[in-house]
Amino acid sequence: MSKINELFTNKLNVINVGIENFRDDLLKQNANVTHLEWMPPGRGNPELIAALDKLEDPSVTDKIEAANKEAVERIINSQPVLIGFDQAINVVPGMTKNTILHAGPPITWERMNGPMKGAVTGAIVFEGLAPNIEEAAELAASGEITFSPCHEHNCVGSMAGVTSASMFMHIVENKTYGNIAYTNLSEQMSKILRMGANDESVIQRLIWMRDVLGPILRDAMKLNPNGIDLRLMLSQALHMGDECHNRNVAGTTLLIQALTPYIIQTDFTVEQKKEVFEFVSSSDYFSGPTWMALCKCALDAAHGIENSTIVTTMARNGVEFGIRVSGIAGNVWFTGPAQQVIGPMFAGYKPEDSGLDIGDSAITETYGIGGFAMATAPAIVSLVGGTVDDAISYTTKMAEITTTENPNVTIPMLDFIGIPTGIDIQKVIQTGIMPIINTAIAHKDAGIGMIGAGIVNPPIEAFEQALLALSENIK
Amino acid sequence: MTVQVLVKPNTYIDSVSLMSLSTKANQIEIVEQAIIAMGTEMNKEVIRNVGLMTPEVESAKTSDLVIIVKAASEELCERAFESINVLLTKKKDSSKGKSEVKYSTITSAVNGTPDANLAIIAVNGSYAPREARKALENNLHVMLFSDNVSIEDEIELKTLAQEKGLLMMGPDCGTAIIGNVALCFANAVRKGNIGIVGASGTGSQEVTVRIHEFGGGITQLIGTGGRDLSEEVGGIMMLAGIKALEEDDATKVIVLVSKPPAPSVEEKVLAQIKQCKKPVVVWFVGGNEEKVTQAGGHFAKMSKEAALKAVLLAGADESKLNKRALNLPLIEEVRAKLKPEQKYIRGLFSGGTLCDEAMHIAMEKFDNVYSNIQRDPEYRLKDVRVSQDHTFIDFGDDQFTQGKPHPMIDPSTRIERFIQEAKDPSVGVIVMDFVLGFGAHEDPVGAMLPAIIEAKQAAEDEGRHLEIIGYILGTELDSQNIEGQINKLLASGATHASSSQNAGLLAREFVVKGE
């Protein structure tokens, strides 16, 4: 029977695009209808539509599909394992005494926002390069400090992402593909360097982290020959109700549980070990950076695959939001203006106090957790509008702009479907759906710190530029 | 007994899910014993204890998924693995349908609803071809409502549909009935044994409604879009439609509705009619009888005639049909009321083919018939806002719908024009259509009513009779209540015509002078 004749005999099941009244009339007649939430592709921009058309030409679609398949397989098959801790100067590629790494795409001292300037000056004081914040600012402006994005040194950094030579780093090795990713240690609490605070208490904590916490973790991991399989732990944390960007309660417990047997075997005093455990229990964010390094490690393995339209980086420096795409190798950033984060704030703060979106932590959404996995974290649905249904719809919505589901990291509430994985530039531009990022809000001024948390979307311009570049680059 | 092992490296499933998967795997009939577990030391111990350890399992890592099957033969093991794979992936289905999933693209909607078989696309014409192409690539039949789609795009889409054996209705296709479901603008009509392929929306609606009134019914109404029978498009969809209806067991008679095709296309259509095993009624507005008859088709000059021929060919008993003959005494009565200077018809239509039909009926007796849709440039209105002699206006044409909804939904433009025409002392008759059915205005007569009452009163005050003919296209199954619409119209003093054809004939006969 021909397809047309099959249509005559089968029950009508319509996909309705455009006028909503047509759906209503079909429903009255008991036909099945799916009404699309449709938007003009590329916001109706003919140049973008032409680029989409070019990428969808049958002669290139197959190549893109194959490249994207490889990219997401690399993300899914990556096995990031925490293998140790050490100071940045010892491990991070290209690190020098005068280098300060920061979050997001490249930025100069002059253009940095308040929180990042606060963090940079604090770090300069912490490193002993200047005696106080004022002179630190002069030094930062003098040209003697090398500023560089974390991402361009195999690193990721939370919020301002400021990372200096003597800070201790996670070392995460991708057992499948061999690459390594690094990230700073969590400072816990809200008045902290990465949020732009830089007073004496902040510097003192950094010194303790350098002299006690870091070395204990380093020595502990030296006693663990197999490392800690972070992806297994991430999967467990998701099952326990974390989305591992803003909620890290379960993940932190699992991580410290895995570290404890080794920590207690180190040569430090009981008092120092007690300080470490008290520090970890002082806030749930201890494992936050750990997951970021995991995500970075997996995504780096998928970067630079010719013809792939998969996003491998999303990061913000507080002024610009930048992305990198697998099919365009190296450090080519596509950027747009950083947006305001919308969400609940600590008492006494108003939206106009907030600094714009900042941090490399959107690497978690790039991997498929955080905002993408909200459905698994009902405890913090207040961040996304308050209801569990909202949280679920955030996750299901992300499936529209991603390539596949990661079967290794699953969401119980959605019948164990995998997290949405592999943001596809083409799908973002086609649908107009932007990635959902849940993130902290730093005060716009230096020296204050975290004032809330909420939801933000990247600027669409970054994706539009990436699409145009991909359409030109396609081989 | 055979034991086989499958190790999926780097695949994580949590332990509780694994237990339930193992339970289900052990329930598979051909499975003697099955273990699905992560390659942890603890699990390896269990596997050792039940005697299923192999070197492969021994070397599996904590992050590897291990599947062990014991069954009667190697082949059964293989089959068991297949069943287990289904268990591993099946979970996706059950999450769907629980809450309404919203999709933004045709592709994702198709992935989510694999039974989808048709896409209705009604978006701005500059985006429409792209969406239609996606739908066809996803093996959906398409009804493309959008207009302003280039003929190049239309040809490309229809060619793709042809290659894939799919329907590509449109662009600019507003009417279809598939599987007894009305799509976009169509009337609620009985299910029956007559299939229609229509290149004109309201023309097809009219034929379905007349067939319904004659007691017949419809199998499918396939819309093609108005350009399908042009030289460039070559009738791709009409030819495909005829073929599909010919192969459809439920269809006994086929009706074709269109404006006259391009000559080369007409040849193709007629050639196919000649081969067709089923009777084909052809109503091409203003078409040529001889060619159709030669091809073995049944020619109809007008819409009601087309419906009548179809129901008779489908087996209706002619003696039992009410053919609703023209009311001849009424014609005499109205002619007597009109003054000598009231010479002209003004047709104000929301349906394009209804306009065309009334116009062609007028053209049989008059040679000064003007319209915005006249094909002869000489008789096309210079300014669509100004009527001339006999004038028939299709308010659904592009000049009137730029940035406005179709007059079948929004009657405002037509109301204004009606008021203007009613004041013209040279006008004898104003004829209008009122389209009911899915997609249409909920009370089209009611919207025009105050204007009709006022205009008739004003004419009377000036000492002239203004004849208004209303035709209501609809069935008693339509939601607008046709009975109520007719009553409203009659109460205003207008004349009700029982069909599009009769509306045209009455309008013409009322103003014919000196016969």
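Q: Why is the pair A:K397 and A:E37 called a salt bridge?
A: In this predicted model, the closest N and O atoms of A:K397 and A:E37 are 2.5 Å apart, and a side-chain nitrogen of Lys within 4 Å of a carboxyl oxygen of Glu is what the term requires, so the pair qualifies.

Q: Why are A:K397 and A:E37 both called partly exposed?
A: The relative accessible area is 22% for A:K397 and 35% for A:E37; because buried means under 20% and exposed means over 50%, both residues fall in between and are partly exposed.

Q: Why do B:D228 and B:K158 count as a salt bridge, and what parts of chain B does the pair tie together?
A: The closest N and O atoms of B:D228 and B:K158 are 2.8 Å apart, which is within 4 Å and therefore meets the rule for a salt bridge. B:D228 lies in the loop between β10 and α9 of chain B and B:K158 in helix α7 (residues 151–164) of chain B, so parts that are 70 residues apart in sequence are tied together by this pair.

Q: How do you know whether B:D228 and B:K158 are buried or exposed?
A: B:D228 has a relative accessible area of 0%, and B:K158 also has 0% relative accessibility; since the cut-off for buried is under 20%, both residues are buried.

Q: Why is the pair B:E333 and B:K337 called a salt bridge, and how are the two residues placed in their helix?
A: The side chains of B:E333 and B:K337 meet at 3.9 Å, N to O, and because the cut-off is within 4 Å, the pair is counted as a salt bridge. Both residues are in helix α13 (residues 328–337) of chain B, where being four residues apart separates them by about one helical turn. B:E333, with a relative accessible area of 44%, is partly exposed, and B:K337, at 42%, is partly exposed as well.

Q: How do you know that a salt bridge joins chain B to chain A?
A: The side chains of B:R130 and A:D53 come to 2.6 Å, N to O, a distance within 4 Å that therefore makes this Arg and Asp pair a salt bridge. The count between chain B and chain A is three salt bridges, and the area buried between the two chains is about 5,100 Å², of which carbon and sulfur atoms give 58%.

Q: What makes β1 of chain A and β4(B) a pair of strands?
A: Strand β1 (residues 13–17) of chain A and β4(B) are joined over four bridges in the parallel sense, and because at least two bridges are needed for two strands to pair, these strands meet the condition. Within this pairing, A:I15 has B:A119 in β4(B) as its bridge partner.

Notes:
Residues numbered from 1 in each chain as written. Chains lettered and ligands numbered in written order. Predicted model: local features only at pLDDT ≥ 70, side-chain atom pairs only at ≥ 80, totals over all residues. Heavy atoms only, no water. Buried area = accessible area lost by both parts, 1.4 Å probe. Buried < 20%, exposed > 50% of the residue type's maximum accessible area, 1.4 Å probe, protein only.
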